[in-house]
Amino acid sequence: MSGATDTPGTPGTSGASSTPGTVLPPAVMQLRELALSAACAAAVRAAARLGVADALGDEPATAQALAATVDADAHALARLLRALAAHGIFAELPDGRFRHTETSRLLREDAPRSLRYSALWATEPWTWALWPHLEEAVRTGKEVFAGLYGSEFFSWLHTEEARESSEVFDKAMTQSSILSARAIAEVVTIDGAREIVDIAGGQGMVLATLLEKHLGLRGTLFDLPEVVADADPRLRDGGSLAGRARLVPGDCRRTVPEGADLYLLKNILEWDDESTVRTLRNVAAAAPAGARVVVMENLVDGSPEARFTTAMDLMLLLNVGGRKHTKAGLSALIQEAGLQLESVRPVNSYLHLFESRVQA
């Protein structure tokens, strides 16, 4: 499981290099690693698909023992784990066994803050087909997905061909909502609101969390028909919140439910700017004067997670022709839609909250 290398030291171990020499300049090492960074993404995907993190318990284990559990070749699995350990995902001990790290535990299905499906979603087969076309997208400023797959991204996602990717997407969005629901519930002030509409709210994790916290609040989950059909059990008939919840199917780029005094839009204004403004205008038209509109988005500026948000920004360019926003850019779109922007503040390291009102 060892071989010659032109890089001093052994990744993932604490041993000193046995091959002294001149250390390459940091810029050289960084660019070489970045050029091969697809290998890291592929390794994360392989580990998630194999279930390596679930197979590894609290005690260190050999690659051979893990291979028997996940049905893999022991030598190849050791190479995969060593590559991941170089990034702090698992750790290799001096005796050759591997143990969990804080990062590798996030690939476990049962982890409280699991990112297993988020990692799988970011590395689905369609993503590998898109990335080589980034130059084309940058030259044209347009998405490339439709030209490769024959339909726009979300239409394709609901075809039989994309069934597995669609299931991964749903689970990834649920994981994302679990991570952010409580944080959002803490920062969204109700201020006497009686009715909230969660626009494109997915399965309704955030809405359910808000309804549980504010007993006098009623809520509407608004999303595409196939999404609301699989809403959080607490919101569906017979659920603990069903008496205060409505499930309404629809497309927010066409229309939204009327009459609420609080509208929430979380991480959905990622299309082209025209679609973003149209959606916000639909909200402004459906809401009564003075209603509050709360938008939450990842920003490409002013965020400690700029590597994540800028990467997502490029992916959105490729698959839907959309974007992640700057603070100034999203503020301008909110105002272009006729809403009165009142404040912008961070929710956590990757979300900002934009609060506005419908003008009289």
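Which backbone oxygen lies 2.7 Å from a polar atom of the side chain of Arg 244? In this predicted model, the oxygen belongs to Leu 217.

Arg 244 sits in a loop. The loop runs between helix H13 (225-228) and strand S5 (245-249). The relative accessibility of Arg 244 is 18%. Buried means under 20%, so Arg 244 counts as buried.

Ala 208 and Arg 244 are 36 residues apart in sequence. In space, their C-alpha atoms are 9.9 Å apart.

A second site involves two helices. Two packed helices are described by the angle between their axes and the distance between the axes. Helix H14 spans residues 273-286, and helix H16 spans residues 327-336. They pack at an angle of about 50 degrees, and their axes are 8 Å apart. H14 is therefore oblique to H16. The crossing of the two helices, H14 and H16, is right-handed.

Side by side, the contact residues are as follows. H14 contributes Asp 273, Thr 276, Val 277, Leu 280 and Arg 281. H16 contributes Leu 333, Ile 334 and Glu 336. By class, the contact of H14 with H16 has four nonpolar residues, one polar residue and three charged residues.

Technical notes: Residues numbered from 1 in each chain as written. Predicted model: local features only at pLDDT ≥ 70, side-chain atom pairs only at ≥ 80, totals over all residues. Heavy atoms only, no water. Helix = DSSP H or I, 4+ residues; strand = E, 2+ residues; numbered from the N terminus. Buried < 20%, exposed > 50% of the residue type's maximum accessible area, 1.4 Å probe, protein only. Polar contact = N/O pair within 3.5 Å; in protein donor to acceptor, adjacent residues only side chain to side chain. Axes fitted to C-alpha atoms, helices over the stretch in contact; angles between N-to-C directions. Parallel < 35°, antiparallel > 145°, perpendicular 65-115°, else oblique. Left-handed = near helix turned anticlockwise from the far one by under 90°. Contact = heavy atoms within 4.5 Å. Nonpolar A, V, L, I, M, F, W, Y, C, P; charged D, E, K, R; others polar.
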